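Please look at the sequence and the structure first.

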Amino acid sequence: MLIVYNPATGEEIGRVAKHSAAEVKAAVDRTCAAFPDWSGKLAKERSDILRRWHDSVKADKEAFAELLCRENGKCLSEARGEIDYGLGFIEWYAEEAKRVYGDTIPTHDRNAQVMVTKEAVGPVAAITPWNFPFMMITRKVATALAAGCTMVIKPAEDTPLTALRLLEYARNAGIGEGVLEVVVGDPKEIGPILTGDPRIRKITFTGSTAVGKLLAAQCAATVKKMTLELGGNAPFIVFDDANLDDAVQGLVSAKLRNSGQVCISPNRIFVQQGIFEAFTERLKQAVAAIEVDQGLREGFVVGPLVNQLGFDKVVRLVEDAKAAGATVLMGGKPHAKGGLFYAPTIITGLGDDSPLATQEIFGPVFALYSFNEEEEVIERANSTEFGLVAYAYTCALGRSLRLSRRLEAGMVILNSGSVGTASIPFGGIKQSGYGREGSYYGIEEYVHVKYVLMAGM
Ligand code: NAP
């Protein structure tokens, strides 16, 4: 039995029976059995069903937001934002389902026609993390189903309730048994069943780089297509020609979203030497104005970390930095509220080899580094095995273009702390993974290209 706790209060909020290996295999069987019928539907039929799912969830948005808040710890306003974001993917792919076009290619044979069609890759398995328990599910499910794939999904053990409720609404909207299945339980048992089954043609995974590598190795045996949305170590660069107020605001919203537990959270904040003090002062004022609290109330608040493991990691990273001589300008310790709450922290005086700089912090910790030159900061920003997102604030056009070309990341965000919506291709390079979610590019991950030669005309 899986017991689900509210990370803000420690209270039990639900129990979910874990699926046995036999039950997981049966879910995979249903996913495979449903594929011919689902992929054979007209695109318009799939689109209509997705649209019904979207509308029914939207009608109960407040109930979903409350569940999300209890299950994950993020505040209500963020939970509502996640639901809008997640619903955006269902809406987007309900439309995109109708636009999976092929091509004709000028023929190399006078008596032949050359065509390229796009076909659903087959039954897909998805594994998702706890930090966006709603959006992670809708982003993967809507894209797969739009393309004609069926999907079995394993949500994170910390947050299975949102996934199960989404399944309930999916069923009511006409997404039948096998078209979407949710399996819950021990990842070490479920993972190999999904990766090892040759009938599953693709794995889409969002989570840590370590688990992504493990899954990629497991998938090699059956040569599955994969989408890997893995860890990040985002640089956030502020140049002395930037609008400082905008930069502070962008940084605070990007960093404190979900208490810093986001793969695109700024991890290393590089501030140009000449403005370092002024920027730090404004940042302190902005962070001091934000409350830390449980999230079931109006207004933005910084919530708890999701579990003891995540909390202990943040404590350890900050304590090690302090022991190595870093300067804590704010926070630097668990919050007085106790439990899993960690105080928003600003810390400086760190080396680029500090664990705070090389590891994903996944907590409300602003780690600040100073730099002198553009060339220097580009090199330092790129000196990581990750490449998910890079942020920079500058008012210089030429510099913006140089940064957009030279920063090694799947996404470069200039003069904003917000990455975007369903319409943009989300994803990383280097050890942050491969494949894209969202936009026109997202659906391409769920189709394969088939070349058809019709000769002898
Ligand atoms: P995680 O430990 O990799 O877990 C992610 C998912 O993988 C969970 O469902 C987990 O199940 C499952 N899992 C764990 N071990 C597994 C195994 N041996 N075989 C199969 N599945 C396994 O990551 P996390 O700590 O939950 O999430 C944080 C990480 O995700 C961070 O690195 C973050 O950057 C990354 N992330 C990336 C993106 C992106 O889009 N690039 C977005 C969000 C998060 P259990 O929950 O049951 O353990």
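Helix 8 supplies the largest share of the shell around the ligand, 3 residues. Helices (H or I, at least four residues) and strands (E, at least two) are DSSP runs, numbered from the N terminus. The elements that give two or more residues to this shell are helix 5, helix 7, strand 8 and helix 8. The ligand is surrounded by 29 residues, and the closest are Thr 128, Glu 157, Ser 208, Leu 230 and Glu 360; a residue is near a molecule if one of its heavy atoms lies within 4 Å of it. By class, the shell has 16 nonpolar, 8 polar and 5 charged residues. Ala, Val, Leu, Ile, Met, Phe, Trp, Tyr, Cys and Pro count as nonpolar, Asp, Glu, Lys and Arg as charged, and the others, Gly among them, as polar.

The model is predicted, so local features need pLDDT of at least 70 and side-chain atom pairs count only at pLDDT 80 or more, while totals for chains, interfaces and linings use all residues. Residues are numbered from 1 along each chain as its sequence is written, and side-chain values use heavy atoms, with hydrogens and water left out.

## Polar contacts and burial

Which atoms of Trp 130 and the ligand lie 2.8 Å apart? They are a polar side-chain atom of Trp 130 and an oxygen atom of the ligand. This is a polar contact, meaning a pair of N or O atoms within 3.5 Å. A polar backbone atom of Gly 207 is 3.3 Å from an oxygen atom of the ligand. For Glu 229, a backbone N or O atom lies 3.4 Å from a nitrogen atom of the ligand.

Taken alone, the ligand exposes 900 Å², and the protein buries 87% of that. Accessible areas come from the Shrake-Rupley method with a 1.4 Å probe.

## The largest pocket

The ligand sits in the largest pocket, where "sits" means that more than half of its atoms lie within 2 Å of the grid points of the pocket. The search uses a 1 Å grid over the protein atoms alone: a cavity is a set of points where a 1.4 Å probe fits but cannot get out, and a pocket is an open set with protein on both sides within 12 Å along at least five of seven lines. Lining residues have an atom within 4 Å of a point.

The largest pocket has a volume of about 1300 Å³, a volume being the space filled by probe spheres set on the points. It is lined by 44 residues, and the closest to its centre are Trp 130, Phe 205, Gly 207, Ser 208 and Val 211. Helix 7 (187-196), strand 8 (202-206), helix 8 (209-220) and helix 11 (308-323) are the elements that give two or more residues to this lining. Helix 8 gives the most, with 7 residues. The lining divides into 17 nonpolar, 15 polar and 12 charged residues.

## The second largest pocket

About 420 Å³ of space lies in the second largest pocket. Of its 22 lining residues, Glu 78, Gly 81, Tyr 85, Phe 132 and Arg 257 lie nearest its centre. Two or more residues of the lining come from each of helix 4 (76-96), helix 5 (135-147) and helix 9 (244-256). Helix 4 gives the most, with 5 residues. The lining has 12 nonpolar, 5 polar and 5 charged residues.

## Cavities

How many cavities of 30 Å³ or more are there? The count comes to 2. The largest cavity has a volume of about 60 Å³. It is lined by 15 residues, with Pro 235, Ala 381, Thr 384, Phe 386 and Glu 408 nearest its centre.

The second largest cavity holds about 30 Å³ of space. Among the residues that line it are Gly 232, Cys 263, Asn 267 and Glu 360.

Methods
Polar contact = N/O pair within 3.5 Å; in protein donor to acceptor, adjacent residues only side chain to side chain.
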